[in-house]
Amino acid sequence: MTEGSVLRETSIKDPVISIRDLGFSYGESPVLEAVDLEILDGEFVGLVGPNAGGKSTLLKLILGLLEPQQGRIRVLGQSPRQAVRRVGYVPQFPTFPRDFPISVEQVVLTGRLGFGPMLGWYRATDRAAAHHALAEVEALDLAHRRIGTLSGGQLQRVLLARALVAEPAILILDEPTANIDERMEGDIFDLLARLNERLTILVVSHDIAFISGYVDRVACLNRTLVCHTTERVDGDLVHRLYGENVRQVAHAGTGPAHAQHRH
Amino acid sequence: MQDFIQALGQHAFLQTALLAGLLASLGCGVIGTFVVVKRIAFMAGGIAHSVLGGMGAALYFGFDPLLGALAAAVLSALLIGLVRLAWNAQEDTLIGALWAIGMAIGILFIAKTPGYTTDLMSFLFGNILLVPRRELWFMAGLDLVLVITVMLFYRQLLAVTFDEEFARLRGVPVAFFYLLLLCLVAVTVVLLIQVVGLILVIALLTLPAAIAGHYVHSLGGMMLIATLLGGVFTSTGLALSYGPDLPAGPTMILLAGTVYVVSAVLGRFLVRRRSRSRAQRRAVLSEAGS
């Protein structure tokens, strides 16, 4: 938690994401139960929790890729499906084949779909926006590289540029540093902190200790919201999230700082 | 080859055949590229084979078999697409079933067609030498439909081919464009059936684009090279088959297949040599550094 976040005036702002009594299950077993969460304009929120705790499912619901079975979600005052064009999304794993014959610039340009006319090619404004987004993530030099030749960290930047080029109001990232080495992890989060000056950011992570240095607030999800806090992240919180009331994850004998690195 | 060029000047049917091959290669380059990068060759095979049902029915009821082929191709493209969108599981089984059912329907209709004269073999393996001149216009029309559709919706088709989930998040109607792509494959299949018949279609649809993919790394580049290669394979295949009086379709396919294998082996060899020379350069640099 940063000191500044306490001072930030957010109470008069409307929530950009509002989740009430949300429930969802795949078949018999519930994945999410009675989830209540509000994210205010300009916040940088970390969503943490064990694997299979429902983090990715919650993101899919916010993005409108799944429909809630109980409760409701409003994004930017609209239903998730209506709002999705104003939400930038960076997936954990690329959902495309790495050997696809496409350049970085073309990948970023796909983020401009939904702008301008339905027919025809990309316009000059789209190309300018793609270059601007690549410059913002410091990856302009990669523009003409083939997507399959990038390293994990480079690919993550390009996917971030693809999300930014759509000029979103909210940025949602699923484990943005899961596939890159630790040295680069700080770079990505420094970049996100800069973007947070103009965007609301929701980032999913296992690594509660690491992200707590960057985010305003942590929401801990294990089927329901276990905690919802701006307190300093301490052993007690980690224990509540990953501890004895959690069946899926057993971290006997390891300290909390190590525990989050177990996948 | 000399004989062929001489004969080309004399015989109108050879000129027609050559033009038919060139018209078909446009479809095989543009849509074949989508089939290769989207990895839907098996679906394209299913569409191609089920077309026999439409051709048989058209013959039986006295329509132009090509119109029957077009109707059947689009119908089976939509069926296969909807099956995939609705039930993701068992897709391959259902495509296999449609493949065989289409052919069975076709063969029953052909068997019961009174005064049946058309050779079944020419449906299955094509006969480019029997393409009537007026069908060139039909093929040119199909080419026009393909090229205009791809030009108008290039961004959406690329997005749906590359990353369906992201396209959906950008508000692209993914199901619509997926079905549109399969319908374009159906049109291309009908275009190529003229040249090589419905069994060999799948090779002409995938091999030129796959060879192009060994050398160029953009979708547009693949389309261009694959179209050129398609033109080379159909016209060279036609020329090679003319002298020894071989069937043209299988000659074209063998030519394309040979080039594909050589290109794949050569490509692998080049990659290995390049990475070896890079490793050597690195070794030299590190030696110089120490």
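A contact here means heavy atoms within 4.5 Å. By that criterion, 30 residues from chain A meet 25 residues from chain B. This is a predicted model, in which local features need pLDDT of at least 70 and side-chain atom pairs count only at pLDDT 80 or more, while totals for chains, interfaces and linings use all residues. Residues are numbered from 1 along each chain as its sequence is written, and side-chain values use heavy atoms, without hydrogens and water.

**Interface area**
- Chain A and chain B bury about 2,800 Å² between them, 64% of it from carbon and sulfur atoms; buried area is the accessible area (1.4 Å probe) that two parts lose on being put together, summed over both.
- On the chain A side, the most area is lost by A:F100, A:P101 and A:L113, which together account for 23% of what that side buries.

**Polar and charged pairs**
- There are 2 salt bridges between chain A and chain B, each a side-chain nitrogen of Lys or Arg within 4 Å of a carboxyl oxygen of Asp or Glu.
- A salt bridge joins A:D99 to B:R39, with the closest N and O atoms 2.9 Å apart.
- By class, the side of chain A that touches chain B comprises 19 nonpolar, 6 polar and 5 charged residues; Ala, Val, Leu, Ile, Met, Phe, Trp, Tyr, Cys and Pro count as nonpolar, Asp, Glu, Lys and Arg as charged, and the others as polar.

**Confidence**
- Chain A has a mean pLDDT (the predictor's confidence in each residue, from 0 to 100) of 80, and 81% of its residues reach 70 or more.
- In residues 1-11 of chain A, pLDDT stays under 50.
- Residues 244-263 of chain A also have pLDDT below 50.

Methods: Chains are lettered from A and ligands numbered from 1 in the order in which they are written.
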